[in-house]
Amino acid sequence: MTATTEPRDVVIRYVEAVRDGDADVIYDSFAEDATWHYPGDLPISKVWQGREAIINEFLGGMGPVLVPGTMKIELVGTIAEGDRVVAEWTSKAQTVYGGTYDNRCIGIYTVSDGKISSVVEYADTRHVAATLFPDHRVPESSDTV
């Protein structure tokens with residue numbers, strides 16, 4: 001079976017692979033030099049460089065704070081224009097801290113040659129901090145210049 005290289009199809013295939021826990025498809029979805037930018041001031045906020053870092057450190061780094069088997073991902077919709085795709089999804093899981101992670105996220109994906117080459121993800125970072133990083137101190141607005 002040949003996977004399509006249409007940008008929207010590439011992104012849908014990736015999100016469904018995350019939902020289904022299909023590690024091979026997740027890995028195959030990214031270009032080797034892909035980037036993932038997670039804005040904000042959380043421990044995960046930065047530009048993740050390369051497929052290995054994205055998969056093993058960023059995506060894989062969420063595992064220790066989530067109760068295994070509780071993650072539910074649902075693709076809400078996509079909008080595509082050329083090589084760029086905006087995907088909206090919901091993520092829900094129980095955390096090891098006893099709370100519930102329940103967020104609505106948007107990612108702006110760029111697809112080149114049938115692979116995801118860059119992502120910028122937006123989510124409710126206050127909710128992410130409270131549920132996934134409860135010990136992380138978020139700077140007050142007066143702390144920043």
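Predicted model: local features only at pLDDT ≥ 70, side-chain atom pairs only at ≥ 80, totals over all residues.

Student: What pattern does the chain follow, read along the sequence?

Tutor: The pattern is α-α-β-β-α-β-β-β-β-α. That comes to four helices and six strands. Helices (H or I, at least four residues) and strands (E, at least two) are DSSP runs, numbered from the N terminus.

Student: OK. What radius of gyration does the chain have?

Tutor: The chain has 15 Å. A compact globule with 145 residues would be near 15 Å, so the value agrees. The radius is taken over C-alpha atoms, and the globule rule is 2.2 Å times the number of residues to the power 0.38.

Student: And what box do the C-alpha atoms fill?

Tutor: Roughly 50 × 40 × 25 Å, taken along the principal axes.

Student: How much of the chain is buried?

Tutor: Of the 145 residues, 38% count as buried. Buried means under 20% relative accessible area, exposed means over 50%, and partly exposed is in between (1.4 Å probe, protein chains only).

Student: Which residues touch the most other members of the largest nonpolar core?

Tutor: Y14, F30, W36, I44, Y109, I116 and L132 do, out of 37 residues in that core. Eight elements each supply at least two residues of this core: α1 (7-20), α2 (23-29), β1 (30-38), α3 (51-59), β4 (84-94), β5 (100-112), β6 (115-122) and α4 (125-132). A nonpolar core is a set of buried Ala, Val, Leu, Ile, Met, Phe, Trp, Tyr and Cys residues joined through side-chain atoms within 4.5 Å.

Student: Take Y109. What is it in contact with?

Tutor: Leave aside its neighbours within four places in sequence. Y109 is then in contact with V11, Y14, V15, W36, D83, R84, V85, A87, W89, I116, S118 and V119. Contact means heavy atoms within 4.5 Å.

Student: Switching to helices. Which residues of α3 are buried?

Tutor: R51, A53, I54, I55 and F58.

Student: What covers them?

Tutor: The cover includes α2, β1, β2 (46-49) and β6.

Student: Where is A17, and is it buried or exposed?

Tutor: A17 is found in helix α1. It counts as buried because its relative accessible area is 5%. Not counting residues up to four places away in sequence, A17 touches D22, V25 and I26. The C-alpha atoms of A17 and Y27 are separated by 9.6 Å, and the two residues are ten apart along the chain.

Student: What about S29? Buried or exposed?

Tutor: S29 counts as buried, because its relative accessibility is 1%. It sits in helix α2. Beyond residues up to four places away, S29 touches R13, Y14, K115 and I116.

Student: Now a loop. Where is D113 found?

Tutor: In the loop between β5 and β6. D113 is exposed, because its relative accessible area is 78%.

Student: What phi does D113 have?

Tutor: A positive one, about 50°, although D113 is not a glycine. Most residues other than glycine have a negative phi.

Student: Where is the place of M71?

Tutor: In the loop between α3 and β3 (72-81). M71 is partly exposed, because its relative accessible area is 34%. Leaving aside neighbours within four places in sequence, M71 is in contact with L66, S91, K92 and A93.

Student: And which strand holds T100?

Tutor: Strand β5. T100 counts as partly exposed, because its relative accessibility is 42%. Apart from neighbours within four places, T100 is in contact with A93, Q94, H127 and T131. The C-alpha atoms of T100 and G114, 14 residues apart along the chain, are separated by 35 Å.

Student: Last one. How many positive and negative side chains are there?

Tutor: There are 12 positive and 23 negative side chains. Lys and Arg count as positive and Asp and Glu as negative, while His and the chain ends are not counted.

Methods
Residues numbered from 1 in each chain as written. Heavy atoms only, no water. Charge placed at Lys NZ, Arg CZ, Asp CG, Glu CD.
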